[in-house]
Structures are given as structure tokens and as C-alpha cells.
Amino acid sequence: MSSSIHGWIEMHGEARHQPYTWNSHLIQVKKENVLVLIDPLRLSADEVREVEGLGKPTHILLTSNYHLRESEAFRQRWGCKVLLNQEGLKGAEAGIDGTFQDREMLWDLIEAIQVPNVHYPEEVAFLVREDGGVLIVGDIVCGGRKDRGVPDGELWINGPEYVFDLQEARISI
């Protein structure tokens, strides 16, 4: 990945001997002096120092309401503005500082792409238009999850039991 896209993971399911990872990302938008956290998970003290070595995060982008995770703690620590797809504003469970909409370009680098017919009506993926493009998704797809019966190296729709119409979800994805 580009030096301006960073990520970290958190392991889950280890107690059931079926570990899988959750992930979060940080994107540097150098020309705008913006540091964006996407679906931010907890950070260790060392990871906080690494992030702060890049600068102070300015924004948090959520792929869905469900991915608030550590947003409030990071808003308090760094003053980040939390942004959510406008389709999720009515169901927001925390203070949202701003919205974006489907196909909006954020900072001329990150395109928000709404993905209909999946878990949440506000669900988006983010296409980082750099180095050929990097697609960041939330819960839309998963790979290598023994707890879901997904073999390593394969991608599947995450939580198909929560999807209304699996065929429509496949088309959307």
C-alpha cells in the first residue's frame, strides 16, 4: 500500500479457537493536511504514538453507524470530526459532526460509495484514488473466518443471514 494508507487490526474469536481480524485504517491526505481514521478500533499506547508521529487525526469516516468503535474517545483526544453517510443520520447513535453522500469525493482523494441491499442502509465503501486505487469496506465482505465457515483466501458476503435479499446484495457488491 501507499505510504499514505496505514492500517491496524484487532483479533476476535480467539476464545472460541476461531480467530479472525477486524481492521481500521488511517489515510493521510497530505495536500489537504488531513488525517482520516476509518472505522477506528482501539489503539495501544505505541500505536497512538505512531499515529501522533504522523500528525493529529482530523476526521473519522464511518462505513456504517455500527462502526463507531473508538470514535468518541478519539474525538475527545484529537478533536476529530465524525462523518457518516447522510442515509444513516436518522439512526445515528452518537454525535455526528457532518455527512457525505453517495459518490462524493472527500478531499479529492476518497470516494464514498454507498452499497445498497446489504446490512445497513447507510453502508458505504471508500475508494482511495491513489496508487491504482484501494477499496476499503466495512462489513460488506469478509474472508478467512472459521466462525462463519469462510475458508482462508476466499471472500464471502459477511453475515448473509442479516441480508434481506442475498441476490440483490451480490449485485450491489
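These legends accompany several close-up views of one predicted protein model.

**Figure 1. The whole chain, for orientation.** Before zooming in, here is the overall layout. The protein chain holds 3 helices and 12 strands. Its radius of gyration is 16 Å, close to the 16 Å that the globule rule gives for 173 residues, so the chain is as compact as a globular protein of that length. Along the principal axes, the C-alpha trace spans about 40 × 35 × 35 Å. Of the 173 residues, 45% count as buried.

**Figure 2. Arginine 75 in helix 2.** This view settles on a charged side chain and its surroundings. Arginine 75 belongs to helix 2, which covers residues 71–78. Its relative accessibility is 17%, and because buried means under 20%, arginine 75 counts as buried. Leaving aside residues up to four places away in sequence, arginine 75 touches Cys80, Val82, Gly95 and Asp97.

**Figure 3. Arginine 103 in the loop between strands 6 and 7.** Here the backbone deserves a look. Arginine 103 sits in the loop that links strand 6 (98–100) and strand 7 (105–106). Its phi is near 70°, a positive value in a residue other than glycine.

**Figure 4. Tryptophan 107 in the loop between strands 7 and 8.** Staying with the backbone, we move along to another loop. Tryptophan 107 is placed between strand 7 and strand 8, the latter running over 110–114. Although it is not a glycine, tryptophan 107 has a positive phi of about 55°. With a relative accessible area of 17%, tryptophan 107 falls under the 20% limit and is therefore buried.

**Figure 5. The second largest pocket and its lining.** A friendly reminder of the idea behind this view: rolling a probe the size of a water molecule over the atoms shows where empty space is left. The second largest pocket has a volume of about 190 Å³. By class, the lining has 9 nonpolar, 2 polar and 1 charged residues.

How values were computed: Residues numbered from 1 in each chain as written. Predicted model: local features only at pLDDT ≥ 70, side-chain atom pairs only at ≥ 80, totals over all residues. Heavy atoms only, no water. Helix = DSSP H or I, 4+ residues; strand = E, 2+ residues; numbered from the N terminus. Buried < 20%, exposed > 50% of the residue type's maximum accessible area, 1.4 Å probe, protein only. 1 Å grid on protein atoms, 1.4 Å probe; cavity = no way out; pocket = protein on both sides within 12 Å on 5 of 7 lines; lining within 4 Å. Points joined across faces, edges and corners; volume = space filled by probe spheres on them. Rg over C-alpha atoms; globule rule 2.2 N^0.38 Å. Contact = heavy atoms within 4.5 Å.
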